[in-house]
Amino acid sequence: MAAQKAGELYQLLQTAVDGEIQHVGWMPNSETYGMNNRPSSNGHPSNGSNGNGNGNHRAAASAPNNGDRWNMTDGQRGLVLRVINENNLDKNEVEGMAQQLFGVGVKELDKMQASQLIEELLEKVGKKPRGQRRWSRQPTRT
Amino acid sequence: MSTAIASPAEAPAPTVSEVISHLQKKVSASRLNAFLQCRLKFFFRYVQGLTKPKTAALHVGTAVHSVLKAWNKARWKTQPLSLRQLHNEFTKAWKDTEGEPVEWAEGEEADEQATGWRLIETYIRESNISPDTKPDAVEVPVETDLHQHGLPTLIGVLDLVQAGKIIDYKTAGQTPNTERVAHANEVQTSIYAVLYRDAKAKREIGIELHHLVKTRNPKLVITEIPPMSDQQQTRLFHLIESYINGLDMRDFVPSPGLQCVSCEFFNECRRWA
C-alpha cells in the first residue's frame, strides 16, 4: 500500500513539475533582444528600427506577412483604409497596385513604401498628394 | 515684439502662440535651416507668414525639380518618358507658378526658360541613370516621431531614393565645392538620414547631392556623402533642441552678415528693433 501511495504522489509531483516546465513565462525575443534603445553617444537611445511615424506604433518593419499584421504604422493603415472606403476603391485593385509597384502586398509594405502608396492613392482619387502640400503661410494675429 | 497683422480671411487667423506651438511640434529641414541662418528671417517667414514675389531662380528650380520628379515617377512605374514627353512636362511646369506670380525683367523669362530646359537635358545625359532603373521611392513624404529623444516629429520629402541612396536635387548658379557643400547641407542630409532609417529600418547606403549648375554650359555635379555618423546625428539633435528652446523663449533676433544682401526680408529687418 505504501509503495502504491508513494507512486501516486510521485506521479502527481511529476505532472506538476511538467506543467511548470511547459509554462516558461516571459522570454526576450531572440531576434530583437538587446538591439533596441541602445544609448547613442549623446546618451539618447539610438534612432533604430523601433521608431514610429504619426505617433503610432508599428509592427516590426521586416516581419513577414502574418495574418492581420501590417508593417506600416497604425496611422498609415488608417489613412489607407479611409481613402479606400471614402472613395469606394476596390481593395483588390489596391492590393494589385501594391504588388505591381512594390512587389509585395499592402500589409507587407514598409513605412516608406506605404507613404508612397498613399501618395498614389491620393493622386488617383484627385486629391493633392501630401508631398506637394506647403506650409500655409497664413498671417498671424495676436 | 509687435506681431499683429490683420487677416482678411473669414476663419480666424492663428495667434503667434498657436503658430509657434505648431512649429514646435513638427520640424523640417527648411524650417530648421531658416531658424539657424537667421531667427528674424524665420520669424518673418514662418511665424508672421510674410510672402514675397517668387524669384526667377526659384521658378527655374521648381520647374526643373517638377520635371525630374515626373521622369523618376515614370521610371518607378516602369513607363519611362521620352525627351519629347519631358519637354511637354517642362512646358507645363513652367506655366504653373503655383499662384505666385514671378517678377520678370525685360526678356528675362525666355532666357531663364531656355536655361531650365538645358539643365534637364544635361541631367538626363550626364546622370548616367538608365530609364529602365527602378527607383525605391520618388518624392515621398516621411515623418519620424522623436519623442523618445525628447524631441518633436521630424518631417521631410525625399526627392529620390535609389539603390538605398538618398538623392536630393539642387540648382545652383556656381559650381559647388564638394567639402563645403556637404557641410552646408548637413542639417538637411542628416534629417533625411534619420527619416530614411526610421522608414526602412536600415541605414542608408549613402547620400548624393545632385547640383544642376546654371553656367553658360550647364553641368551636373554629384556630391557623394557617406551615411550619417552618430556624431552628425548628435549634432542634429542638439540643433533641434536649440530650435525648440529658441521658439519657447520667442528668441527671434537677427543675424546680420553677408547673407543679408540677398535676403527677401531686408527692409523688414532694417525696421526691427
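1. Chain A of this predicted model exposes about 9,100 Å² of surface, and carbon and sulfur atoms supply 51% of that area. Of the 142 residues in chain A, 31% are buried.

2. The fold of chain A is quick to describe: there are four helices and zero strands, giving the pattern α-α-α-α along the sequence. Among contacts in chain A with a separation of 6 or more, 36% join residues 24 or more positions apart.

3. Now for the packing. The largest nonpolar core has 49 residues, and those with the most contacts inside it are Met112(A) along with Phe42(B), Val47(B), Ile191(B), Ile240(B) and Tyr243(B). Several elements of chain B each give at least two residues to this core, among them helix H1 (16–25), strand S2 (137–145) and helix H9 (230–248). The largest share, eight residues, comes from H8(B).

4. Ile240(B) is worth a click in your viewer. Setting aside neighbours within four places in sequence, Ile240(B) is in contact with Val27(B), Leu32(B), Leu146(B), Leu151(B), Pro152(B) and Leu154(B). A second, separate core holds 41 residues, including Trp70(A), Val60(B), Ile167(B) and Leu212(B).

5. Is Asn72(B) buried or exposed? Asn72(B) counts as buried because its relative accessibility is 0%, and the cut-off for buried is under 20%. This residue lies in helix H4 (residues 56–76) of chain B. Not counting residues up to four places away in sequence, Asn72(B) touches Pro135(B), Val138(B), Leu160(B) and Tyr169(B).

Notes
Residues numbered from 1 in each chain as written. Chains lettered and ligands numbered in written order. Predicted model: local features only at pLDDT ≥ 70, side-chain atom pairs only at ≥ 80, totals over all residues. Heavy atoms only, no water. Buried < 20%, exposed > 50% of the residue type's maximum accessible area, 1.4 Å probe, protein only. Contact = heavy atoms within 4.5 Å. Areas by Shrake-Rupley, 256 points an atom, 1.4 Å probe, with all protein chains shown as cover. Core = buried A, V, L, I, M, F, W, Y, C linked by side-chain atoms within 4.5 Å.
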